[in-house]
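Here are my notes on this one, jotted down while going through the chains. Have a look at the structure first, then see whether you read it as I do.

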Amino acid sequence: MSPVTIVLIVVFGLVVLWLIGAYNRLVRLRNQYKNAWAQIDVQLKRRWDLIPNLVETVKGYTKHEAETLQKVTEARNIAQRAAGQGVAKQAEAESMLSGALSRLMVVVEAYPELKANQNYLALQEELTSTENKIGFSRQFYNDTVMRFNTKIQMFPTNIVAGVFNFKQAEFFELKDEAAREAPKVQF
Amino acid sequence: MWEAIARNRRKSFVLISVMGAFMIGAGMLIAEAIWPGAYMAGGVVAIVLWAILSLTSFYGGDTVFLASAGARKIQKNDHPTLYNIVEEMCIAAGISKMPKIYIIDDNRPNAFAVGRDPEHASVAVTAGLLNRLNRDEVQGVVAHELAHIRNRDTLYVMVAAIMVGVIALMADVFLRYAWLTGGRHRSRRGKGGNQAQAVLLIIAILFAILGPIAVQLLYFALSRRREYLADACGALFTRYPEGLASALQKISANPGLKEKKNRVMSPMYIVNPLQTAAFAAGGLGSTHPPTKDRIRILRSMAGASLADYEAAFARSTNQSVVPKSALETSRAVGIRPPWRDEKHKKPEPDARQKARQTADLLWKLNKYVFIACACGTRLKLPPSFKLSKVTCPRCGRVHDVPRGAQAKA
């Protein structure tokens, strides 16, 4: 075999190796963001499960807040139904649920016996933690999506991505209620 | 951050190999110096010791350290807030398996993490940390520790710590042995053999003296960058650098531990427990960067991403610390509001409740028996309490002491 042939074979072999490596990298990144999405689902589901318990506990102590509680339950049911309908719809439904919950928290401020109840405090801690976990899993998901999308767009991996049909992933943005309210000016 | 992870793995591997080479060399030299011709045996003994050492430090190192620090393992029910905080940070850090959580019975705030990889990791915090820090601050500390675990710092520091400890031990043993027996063996040989032996002995002694020093220096120089990187990752995970900054401030006011100062293990803590306010850390012989610098960098961050930390670090020290690959894929991330803000009014237990919760937990872990009396008092009996009945000091009711029962909190 002539030296040229050998060199060509070696180069070809290296290219194939690189292709395999690039494909595997993309698969790994894609699985990462899919796993991260599943993690968000776990936390969202945990929140749905906590809400009926919370509503019952609050109902026992408050007489005039039936409307707020009703809104929370409705928002939760809507969010549950939105589960299969795509990232954007789900994000919107979950934002509304977060809003309803924080309005409930504001209302609860007026009931000191409720705030001292052990059961309520434990639930409160679970709920806060779940809200935090939703936030963190969402941010982790967005980070993995960022890594995946960057890798797909960068040369030379974008060739492999095109050939094997890796699609860009969507970010999951929850609108923060607090961010939308106007800042208060105090003199 | 794969560069940092790969680097730690590589360095651990290199350290173990270098350690192996050093031990084999030292073993051969020492054996030759004492019994000429026995260098092979010395080499073999050294290899066996090295294998045992590497395996023990790799698989058992964290258990040893946790036990020596007096750490007690807790479950979710024991302290749901701490468990939730660790769980939140695991999600933020992308660690799929929860590390084991431990509490140390010490009133001074501090924390550390051990573990060879995220699947076999442990996080320990002191009771003082739980009592004095609010939720954001504990979250920052836990995030910093999980960053160490994820970046495999804990693997490298564990390997290095055990190596340092063992080299020091070997050097000590050898020096003592050589001192005691060198004279006797030398007198048995002829004149010619004497000089060669003396030279070998001197080289062996040099190894024994310089080895520990070199490894210590290596150990110190490499720890500081890791602390900065862990701070950066911690700020990124929590999206709230101020939490970690104020936690560091509270901890550095009084980080020491009441147990014997353990020099080898001190780098593992979030703030070096051997450093007092008077003796500023940050010199050549220090394993942690100066806490003031760490706080200042965290507080001057414009956002919460790694790029923001890098910018703040460069402003403060004109150097770079975050690896390039991590900067490339870092997106702009804003700082979130603190957990306890007036608008959302999430309740935090006050200091007394927290102290009571931690104290109860520690009693329970030490197998105290809890009895709830109908008058509202909770009786807490030490394990050495042998009587079968106890009277409530407040109302006089008599209770049966459950025999061998687990504590009912």
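This is a predicted model: local features need pLDDT of at least 70, side-chain atom pairs count only at pLDDT 80 or more; totals for chains, interfaces and linings use all residues.

1. Starting with a strand pair: Ala372(B) has Arg378(B) in β6(B) as its bridge partner. The strands involved are β5 (residues 369-372) and β6 (residues 378-381) of chain B, which run antiparallel and are joined by four bridges. Five residues separate β5(B) from β6(B) in this hairpin, and Gly376(B) in the turn shows a positive phi of about 105°.

2. On chain B as a whole: the chain has 12 helices and eight strands. Of its 409 residues, 42% are buried. If you take the contacts in chain B with a separation of 6 or more, 64% of them link residues 24 or more positions apart.

3. Now the core. The largest nonpolar core has 99 residues, and Met89(B), Ala124(B), Val142(B) and Ala232(B) are the ones touching the most other members. Helix α6 (residues 153-188) of chain B gives the largest share of this core, with nine residues. Back in chain B, Met89(B) contacts Gln139(B), Val142(B), Ala143(B), Leu146(B) and Phe237(B), once neighbours within four places in sequence are left aside.

4. Tyr240(B) deserves a look. Where does Tyr240(B) sit? Its place is the loop between α7 (191-238) and α8 (241-252) of chain B. Tyr240(B) counts as buried because 22 other C-beta atoms lie within 10 Å, against a cut-off of 20 or more. Leaving out residues up to four places away in sequence, Tyr240(B) touches Asp136(B), Gly140(B), Ala304(B), Ile335(B), Arg336(B) and Pro338(B).

5. Helix α9 (residues 291-299) of chain B has Thr291(B), Arg294(B), Ile295(B), Ile297(B) and Leu298(B) as its buried residues. Viewed down the axis of α9(B), these buried residues fall within an arc of 165°, so they line one face of the helix.

6. Over in chain A, compare helix α6 (residues 157-164), where Thr157(A), Val160(A) and Ala161(A) are buried. Their arc, seen down the axis of α6(A), is within 100°, so here too the buried residues line one face of the helix. What do the buried residues of α6(A) pack against? They pack against α1 (3-61) and α5 (118-153) of chain A. On the face turned away from the buried side, α6(A) carries the exposed residues Ile159(A), Gly162(A) and Val163(A). After α6(A) comes Asn165(A), with a positive phi near 65°.

7. Among the elements of chain A, α1(A) has the highest mean pLDDT (89), while helix α7 (residues 177-180) has the lowest (41). Residues 177-187 of chain A have pLDDT below 50, and this stretch makes six contacts in the model beyond near neighbours in sequence.

Conventions:
Residues are numbered from 1 along each chain as its sequence is written. Chains are lettered from A and ligands numbered from 1 in the order in which they are written. A residue is buried if 20 or more other C-beta atoms lie within 10 Å of its own, exposed if 12 or fewer, and partly exposed in between; C-beta atoms are placed from the backbone. Helices (H or I, at least four residues) and strands (E, at least two) are DSSP runs, numbered from the N terminus. The arc is that of the directions from the helix axis to the C-beta atoms. Two residues are in contact if their C-beta atoms, placed from the backbone, lie within 7 Å. pLDDT is the predictor's confidence in each residue, from 0 to 100. A nonpolar core is a set of buried Ala, Val, Leu, Ile, Met, Phe, Trp, Tyr and Cys residues joined through C-beta atoms within 7 Å. Two strands pair if DSSP finds at least two bridges between them.
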